[in-house]
Amino acid sequence: MADIAKLVEELSKLTVLEAAELATALEEEWGVSAAAAVAVAGPAGGGDAPVAEEKDEFDVILTGDGGKKIQVIKEVRAITGLGLTEAKGLVEGAPKPLKEGVNKAEAEEIKGKIEAAGGTVELK
């Protein structure tokens with residue numbers, strides 16, 4: 001076990017380029033893909049790989065009323081502040097944006113409210 005821990009420690013010191021070269025050498029030597037070794041060694045190589053940023057703004061798209069149009073219209077009015085006619089038009093014209101550029105917490109809250117009323121929502 002100690003040898004494996006030492007090997008893991010050594011592999012974690014590799015740069016992304018060195019890990020790619022190791023993967024190629026392992027593929028040639030053993031005739032197998034070493035993609036898992038590159039995935040493990042790559043990010044641990046001192047932060048050379050860019051980190052994907054988590055999305056922080058979402059568009060809440062109403063995709064349907066789920067057969068409960070009146071309840072969904074009421075919830076849309078409460079969320080958006082629209083009048084009855086505008087909210088009804090939004091629900092009947094789905095899929096349509098309900099709110100745009102909101103943070104994740106607000107988007108999840110809106111989604112929960114619409115789904116509780118019987119509607120369907122997509123976050124983009």
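How many Å² does the accessible surface of the chain come to, and what share belongs to carbon and sulfur atoms? The accessible surface is about 8300 Å², with 56% belonging to carbon and sulfur atoms. Areas come from the Shrake-Rupley method with a 1.4 Å probe, and for residues only the protein chains shown count as cover.

This is a predicted model, in which local features need pLDDT of at least 70, side-chain atom pairs count only at pLDDT 80 or more, and totals for chains, interfaces and linings use all residues. Residues are numbered from 1 along each chain as its sequence is written, and side-chain values use heavy atoms, with hydrogens and water left out.

**View 1. Overall layout of the chain.**
Six helices and three strands make up the secondary structure. Helices (H or I, at least four residues) and strands (E, at least two) are DSSP runs, numbered from the N terminus. Their order from the N terminus is α-α-α-β-α-α-β-α-β. The chain has 124 residues, and 22% of them are buried. Buried means under 20% relative accessible area, exposed means over 50%, and partly exposed lies in between (1.4 Å probe, protein chains only). Among contacts with a separation of 6 or more, 65% join residues 24 or more positions apart. A contact means heavy atoms within 4.5 Å.

**View 2. Strand β1 and its two partners.**
Strand β1 covers residues 58-64. Five of its seven residues are buried, so β1 is largely enclosed by the rest of the structure. β1 and strand β2 (residues 96-102) run antiparallel, joined by four bridges. Isoleucine 61 has proline 97 of β2 as its bridge partner. Strand β3 (residues 120-123) is also antiparallel to β1, again with four bridges. Here leucine 62 is partnered with valine 121 of β3. Strands count as paired if DSSP finds at least two bridges between them.

**View 3. The largest nonpolar core.**
This core holds 17 residues. Those with the most contacts inside it are Val60, Leu62, Val76, Leu98 and Ile114. Two or more residues each come from β1, α4, α5, β2 and α6. A nonpolar core is a set of buried Ala, Val, Leu, Ile, Met, Phe, Trp, Tyr and Cys residues joined through side-chain atoms within 4.5 Å. Leaving out residues up to four places away in sequence, valine 76 touches Leu62, Gly81, Ala87, Leu90, Val91, Leu98 and Ile114.

**View 4. Alanine 87 in helix α5.**
Helix α5 spans residues 84-92 and includes alanine 87. Alanine 87 counts as buried because its relative accessibility is 0%. Beyond residues up to four places away in sequence, alanine 87 touches Ile73, Val76, Arg77 and Leu82. Arginine 77 is 10 residues from alanine 87 along the chain, and their C-alpha atoms are 5.8 Å apart.

Side chains of opposite charge can pair when their charged atoms come close. A salt bridge here is a side-chain nitrogen of Lys or Arg within 4 Å of a carboxyl oxygen of Asp or Glu. The structure holds seven. In one of them, glutamate 92 pairs with lysine 69, with 3.0 Å between the closest N and O atoms. Glutamate 92 lies in helix α5 and lysine 69 in helix α4 (residues 69-80), so this pair ties together parts 23 residues apart in sequence. Glutamate 92 also meets lysine 88 in a salt bridge, at 3.4 Å from N to O. Both of these residues lie in α5, four residues apart, about one turn of the helix. Relative accessible area is 44% for glutamate 92, 33% for lysine 69 and 38% for lysine 88. Glutamate 92 is partly exposed, lysine 69 is partly exposed, and so is lysine 88.

Glutamate 109 and lysine 113 form a salt bridge, their closest N and O atoms being 3.3 Å apart. Both lie in helix α6 (residues 104-117), four residues apart, about one turn of the helix. Glutamate 109 is partly exposed at 45%. Lysine 113 is partly exposed at 35%. Elsewhere, salt bridges that share partners join Glu9, Glu10 and Lys13 into one network.

Helix α2 covers residues 16-30. Its 15 residues should span 21 Å at 1.5 Å a residue, and the end C-alpha atoms are 21 Å apart, which agrees. The expected span is 1.5 Å times one less than the number of residues. Glycine 31 follows α2, with a positive phi near 70 degrees.
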